[in-house]
Amino acid sequence: MNLLIKGGRVIDPSQGIDETMDVLIADGVVLELGQGIAAPEGTQTIDASGLLVTPGLIDMHVHLRDPGLEYKEDIATGSRSAAAGGFTSVACMPNTSPVIDNKAVASYVVNKAKSEALVNVFPIGSITKGSKGDSLAEMGDLKEAGCVAVSDDGKPVCNSELMRRALEYAKGIGITVISHSEDLALVGEGVMNEGFVATELGLKGIPWAAENIAVAREVYLAEFAAAPVHIAHISTAGSARIIRNAKARGVKVTCETAPHYFTLTDDAVRGYNTNAKMNPPLRGESDVAAMKAGLADGTIDAIATDHAPHHPDEKDVEFNVALNGIVGLETSLSLSLKLVEEGVLDLKGLVSVMSCNPAKILGVDRGTLRVGAVGDVTVIDPAKEWQVEAAKLESKSKNSPFLGWKMKGKAVYTVVKGQVVYQA
Amino acid sequence: MGFRHKDIIALKDLTKEEIELLLDTADNLSEINQRDIKKVPTLRGKTVINLFYEASTRTRTSFEIAAKRLSADAVNITASTSSVVKGETLSDTAANILAMKPDIIVMRHSVSGAHEYLAKRVSCSVINAGDGAHEHPSQGLLDMLTMRQKFGKLAGLKVAIVGDITHSRVARSNIYGLTTMGAQVFLAGPPTMMPPGVERLGNVTVCKDMREAVDQADVVMMLRIQLERQGKTLLPSMREYSRYFGLNPAVLALAKKDAIVMHPGPINRGVELASSVADCDQSAILKQVENGVAVRMAMLYHVCGGEPVE
């Protein structure tokens with residue numbers, strides 16, 4: 001069936017479009033953009049007047065917990081959560097059980113997604129076998145099975161020589177390397193950001209230097225190997241500065257941050273709130289400001305959620321033993337739209353960091369409404385007010401520091417290959 | 001005024017008046033400890049559970065004696081250091097203990113914030129006997145009682161706290177309590193053991209040299225260095241620590257003449273305290289232990305809704 005999205009404000013940075021027009025999708029691909037498109041018979045029509053129409057949003061960093069940890073999330077529930085958040089594509093990290101470090105596990109994800117997922121699921125394989133940091137995973141096979149990137153997500157590749165070779169090898173086969181940048185010795189037994197709040201709560205701190213040092217290493221390795229690297233979830237002013245400088249001298253480095261890093265500070269940990277426990281940890285005011293500045297000047301290429309579902313039993317415990325991470329797919333767009341309200345980004349900029357850039361970094365054929373492109377579209381009501389309620393989240397897990405928050409702006413239609421997969 | 005808190009988790013949460021009330025009550029109750037028959041019926045029929053996830057003979061015994069002198073039934077549970085290791089969550093442990101209908105749970109736990117977590121989940125009172133590197137309110141109170149007995153007041157006293165501030169719950173409780181009461185606190189210790197922003201915890205001055213902190217002090221409080229924990233990266237050696245941050249007679253001579261020396265115990269003799277200082281006339285260490293019982297009686301009494309003791 002055809003789909004006509006009528007009279008919305010179409011924002012597509014890939015074509016420099018920001019104007020009111022119609023979008024016609026036929027057989028899953030964009031057929032026509034323009035004014036007053038007449039709908040062929042049998043066309044489903046969405047009246048998008050007063051709404052934003054954008055290339056489908058892409059979250060390049062999520063955890064679907066499938067295979068192995070389906071009690072937290074699975075491909076079906078994770079994709080429902082993505083669709084409800086306005087995402088038409090997600091890239092899922094390999095720290096499943098077993099780890100996505102071979103063709104068989106990657107194929108399992110791809111096949112299960114085909115039958116169960118509402119949105120596009122692009123698996124990310126591991127850099128090293130078992131994500132153990134000892135030897136390279138079979139990246140060629142991973143790519144062939146459908147992986148769009150490799151990452152030892154949640155862990156840095158501590159051995160610099162191995163990371164260098166990973167960058168060189170991945171460049172050769174054309175797959176993106178995503179680095180979880182963290183100096184584990186400096187992290188030690190830290191459980192939150194090192195600073196005054198940690199001092200007051202008597203919790204062990206993680207210094208910002210633990211992230212900056214690792215980011216700096218990746219930048220130098222990428223420069224040396226003349227290979228691209230993508231840095232996951234940056235959280236410190238120093239990381240942004242290092243990457244800004246590296247970009248200025250031509251190093252092929254890209255990076256992402258997450259909505260919580262430009263929305264919350266480590267104050268959120270007060271009361272030993274385990275829903276504010278994550279890695280990297282929530283930082284200070286100046287880091288939050290630096291994330292916004294980095295998005296504004298293009299240093300930060302993407303907003304990704306690091307959607308990390310956990311069972312209540314894993315969060316309803318003493319702070320030290322609680323697992324790291326929060327769910328983020330359904331709150332990301334609203335929190336990011338706030339950046340537009342604050343003047344940090346314009347709408348084109350927002351769509352770039354939430355759709356076009358992630359597509360480019362992962363090398364997937366998405367993030368555009370060009371005629372002939374896959375008909376993945378997100379329709380957003382920027383004025384819609386709603387409240388985050390655990391019971392209404394589509395994710396299997398409810399570990400969010402934003403529960404109870406009043407939000408403005410929401411995806412009202414999520415369209416994947418011309419099919420409406422979510423409607424608010 | 002009465003004491004309105006269900007729990008005592010942190011001295012940070014208490015007002016000047018509340019701290020005064022607890023100290024006054026402890027002063028009054030300490031008389032019981034001098035009697036031949038050291039027992040009053042005040043908390044008869046009340047059940048106190050001492051739930052200790054960390055080894056502690058001193059604090060646990062002190063709480064147990066305090067409960068028994070008030071005629072409460074005290075039961076000791078020594079759990080493994082981590083509830084996770086044991087396989088049972090703290091929440092489940094709490095539910096099980098609560099099913100036995102205690103009136104007060106006195107807990108020590110290695111995780112900061114464990115008491116706040118527990119207190120939200122149980123209807124009975126929770127008293128913090130030390131949580132991670134967060135607070136140790138009964139120690140803070142017995143320290144303040146000891147100082148008040150000696151000097152008659154806390155306001156205006158100069159108190160030096162020396163040692164591993166970062167990992168010390170004793171330091172945090174003392175900083176909150178003492179600054180609330182109007183004392184001046186001076187901190188000294190190796191830079192590796194001074195947590196960021198510590199001066200913002202209260203009206204606190206961080207000194208580079210322990211001599212600065214001790215100079216003209218009324219109270220010199222030495223913290224315990226945990227030999228097993230700090231050896232690896234925080235200090236070059238115990239010998240060097242002792243040279244620069246240990247209290248010896250020469251450094252003590254910088255303090256006021258009638259200054260007292262305190263230590264939460266157990267002491268590493270020859271490391272943070274020279275033996276001659278630990279045993280000198282100025283040492284208030286055993287007085288602290290003695291006051292511990294009275295302070296803990298006051299805490300148990302007030303969380304059970306006790307009226308001010310006349």
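**Close-ups of a predicted model**

**View 1. Strand 5 (residues 158-162) and strand 8 (residues 219-222) of chain B sit side by side, running parallel and joined by four bridges.** This is a predicted model, so read every panel with that in mind. Within this pair, look for B:Ala160, which stands opposite B:Val220 of strand 8 of chain B. Helix 6 (residues 137-151) of chain B packs on the sheet here, touching strand 5, strand 8 and strand 9 of chain B. Compare directions and you get about 170° between helix 6 and strand 9 of chain B.

**View 2. Zooming out gives an open sheet of five strands in chain B, ordered 7-6-5-8-9 with parallel pairing.** Strand 7 (204-206) and strand 9 (260-262) of chain B take the edges. Each of these two has a single partner strand, so one side of each lacks a neighbour in the sheet. From one strand to the next, the twist averages 20°. As a quick reminder, strands of a sheet pair through backbone hydrogen bonds, in either a parallel or an antiparallel way.

**View 3. B:Asp218 lies in the loop between helix 8 (210-214) and strand 8 of chain B.** Is this residue, B:Asp218, buried or exposed? Its relative accessibility is 5%, so B:Asp218 counts as buried, the cut-off being under 20%. Leaving aside residues up to four places away in sequence, B:Asp218 touches B:Phe151, B:Gly156, B:Leu157, B:Lys158, B:Lys256, B:Ala259 and B:Ile260. B:Ser123 is another story: 95 residues away along the chain, its C-alpha atom is separated from that of B:Asp218 by 41 Å.

**View 4. Strand 3 (residues 104-109), helix 5 (residues 114-121) and strand 4 (residues 125-131) of chain B form a right-handed β-α-β unit.** One pairing to pick out is B:Ile104 with its bridge partner B:Ser125 in strand 4 of chain B. Why is strand 4 of chain B described as largely enclosed by the rest of the structure? Because seven of its seven residues are buried.

**View 5. Over in chain A, helix 4 (residues 160-173) passes helix 7 (residues 209-225) in a right-handed crossing.** On the chain A side of things, the contact brings in A:Ser160, A:Met163, A:Arg164, A:Leu167, A:Glu168 and A:Lys171 from helix 4. Helix 7 of chain A supplies A:Arg217, A:Glu218, A:Leu221, A:Ala222, A:Phe224 and A:Ala225. The axes of these helices come within 10 Å and cross at roughly 50°, so helix 4 and helix 7 of chain A are oblique to each other.

Conventions:
Residues are numbered from 1 along each chain as its sequence is written. Chains are lettered from A and ligands numbered from 1 in the order in which they are written. This is a predicted model: local features need pLDDT of at least 70, side-chain atom pairs count only at pLDDT 80 or more; totals for chains, interfaces and linings use all residues. Side-chain values use heavy atoms; hydrogens and water are left out. Buried means under 20% relative accessible area, exposed over 50%, partly exposed in between (1.4 Å probe, protein chains only). Two strands pair if DSSP finds at least two bridges between them. A crossover is right-handed if, with the strands pointing away from the viewer, the path from the first strand over the helix to the second runs clockwise. Axes are lines fitted to C-alpha atoms, for helices over the stretch in contact, and angles run from 0 to 180 degrees between N-to-C directions. Angles under 35 degrees count as roughly parallel, over 145 as roughly antiparallel, 65 to 115 as roughly perpendicular and the rest as oblique. A crossing is left-handed if the near helix is turned anticlockwise from the far one by less than a right angle, and right-handed if clockwise. Contact means heavy atoms within 4.5 Å.
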